[in-house]
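Here is a short report for a first look at this chain. Start with the view below, then read on.

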Amino acid sequence: MDNRSEVREFLMSRRARITPEQAGIEVFGIRRRVTGLRRDEVARLAGVSVDYYIRLERGNLSGVSDSVLDAMAGALQLDRAETEHLYDLARTANRGVRTKVKKAIHTIDPALQYFLDSITGAPALISNHRMDVVAANALGYAMYFDLFRSSAGPANHSRFIFLDPRGREFYPDWNRAANTNVEILRRNAGRFPHDKAIAELVGELSMRSEEFRTLWAAHNVRRHRSGMKNFHHPVVGPLELTYQQLELDEDTGLHVTVYPAVPGSASEEGLKLLSSWAATENVVEKASTR
C-alpha cells in the first residue's frame, strides 16, 4: 500500500468530518465549498503554515516532528487510535525506517496452547494482525466452529464476516461487526505497512465484497481491547459475552482474546451447553483438522 496515498486519504477524511463549529471557528455567513474544515483552517489550528500543511496532506510526512504530529492530532480532533495511526504513517514515511515483516504465523508455541487450554470457562482465541485465528481452546473452537470450517478459506475473521453467509447469522449486529473488523485491519495495516499478506487480504476482500470496499475507503481505525459482543451460535442460540484482548507479541501482532460471560447470566448457561456440545461432537478435532 502506497504510504503517500494512505496519508493523503486519511488526513483528508479526518478534515472533512469536522465542521467549523466543532473546531470553534466562527463563520460569518460565508458560503463554503466544503462541509468540513479548509486546509488553511487546519493549519491555523495546528500552528503551522498553510504551505507546510498542504505538503503534509499531499502525503509527505517525511521528517515531520512529534510536536507537529501532536498539533495535527489536536487540530483534527483525532482519538487515541487515530493518533497512533498517524504516527505509524509518519514512521513509514521516514527514509530508512522499515517495519520488519516476519513469516505468517499459523502455529504457536506449545506453552501458549497450554495457556489457552487452561481457560475452561470461556472461549479463548489467539489471532495475528492479519486477522487469522492461529489457535483456540475447546470453547473457542466450539463458538467459532463455522469460522474454522468456513468455505471462504483458512480461519480468518475478515473472510468469515464478508465472504461467508454464516457470518451474517453469527453476528446479530453484522454492520457493527463489519465496521469493527475493517477498522482493526486498517490500523494493523498502518502498524505493519510492508506486510504483503495484509495487502493481499485487503485486495481479495476489495475484489469480492463491495461492503468491504466501502468501509475500507472510510479510513477509520480502532483500538480493540475490551467490551461486550453479541453472537448467535447455530447450536446454543444468543450469547452476550464480554471480551478482553491482550497483545502477546508486538513484533508479530499476536494477541489473545477471551470471551467470559457475566456470572449467573443466560449466556453463562449457554457456554455450559456449548462446552457439553463440543465434548459430545468432538468439535476440537473436527475444527482443528480442516
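## Glutamine 245

Does glutamine 245 count as buried or exposed? Glutamine 245 counts as buried, because its relative accessibility is 12% and the cut-off for buried is under 20%. This model is predicted, and the value is computed from it.

Look for glutamine 245 in strand E4, which covers residues 237-249. Its side chain makes a polar contact with the side chain of threonine 257, at 3.2 Å. Thr257 is also one of the residues in contact with glutamine 245 once neighbours within four places in sequence are left aside.

## The chain as a whole

The chain has 290 residues, and 49% of them count as buried. It holds 16 helices and five strands. Along its principal axes, the C-alpha trace spans about 70 × 45 × 35 Å.

## Confidence

The average pLDDT of the chain is 90. A score of at least 70 is reached by 92% of the residues. Confidence is highest in helix H14, residues 210-216, with a mean of 97. It is lowest in helix H16, residues 283-288, with a mean of 73. Where pLDDT is low, predicted coordinates should not be read in detail.

## Helices H3 and H4

How do helix H3 and helix H4 cross? Helix H3 spans residues 39-46 and helix H4 spans residues 50-57. Their axes come within 9 Å and cross at roughly 110°. Angles of 65 to 115 degrees count as roughly perpendicular, so H3 and H4 are roughly perpendicular to each other.

Which residues make the contact? H3 supplies Arg39, Asp40, Val42 and Ala43. H4 supplies Val50, Tyr53, Ile54 and Glu57. By class, five of the contact residues are nonpolar, three are charged and none is polar.

## Histidine 219

Histidine 219 sits in a loop, between H14 and strand E3 (226-233). Its relative accessibility is 6%, so histidine 219 counts as buried.

What is histidine 219 in contact with, leaving aside its neighbours within four places in sequence? The list is Glu6, Glu9, Phe10, Ser13, Arg14 and Arg186.

Technical notes: Residues numbered from 1 in each chain as written. Predicted model: local features only at pLDDT ≥ 70, side-chain atom pairs only at ≥ 80, totals over all residues. Heavy atoms only, no water. pLDDT = per-residue confidence, 0-100. Helix = DSSP H or I, 4+ residues; strand = E, 2+ residues; numbered from the N terminus. Axes fitted to C-alpha atoms, helices over the stretch in contact; angles between N-to-C directions. Parallel < 35°, antiparallel > 145°, perpendicular 65-115°, else oblique. Contact = heavy atoms within 4.5 Å. Nonpolar A, V, L, I, M, F, W, Y, C, P; charged D, E, K, R; others polar. Buried < 20%, exposed > 50% of the residue type's maximum accessible area, 1.4 Å probe, protein only. Polar contact = N/O pair within 3.5 Å; in protein donor to acceptor, adjacent residues only side chain to side chain.
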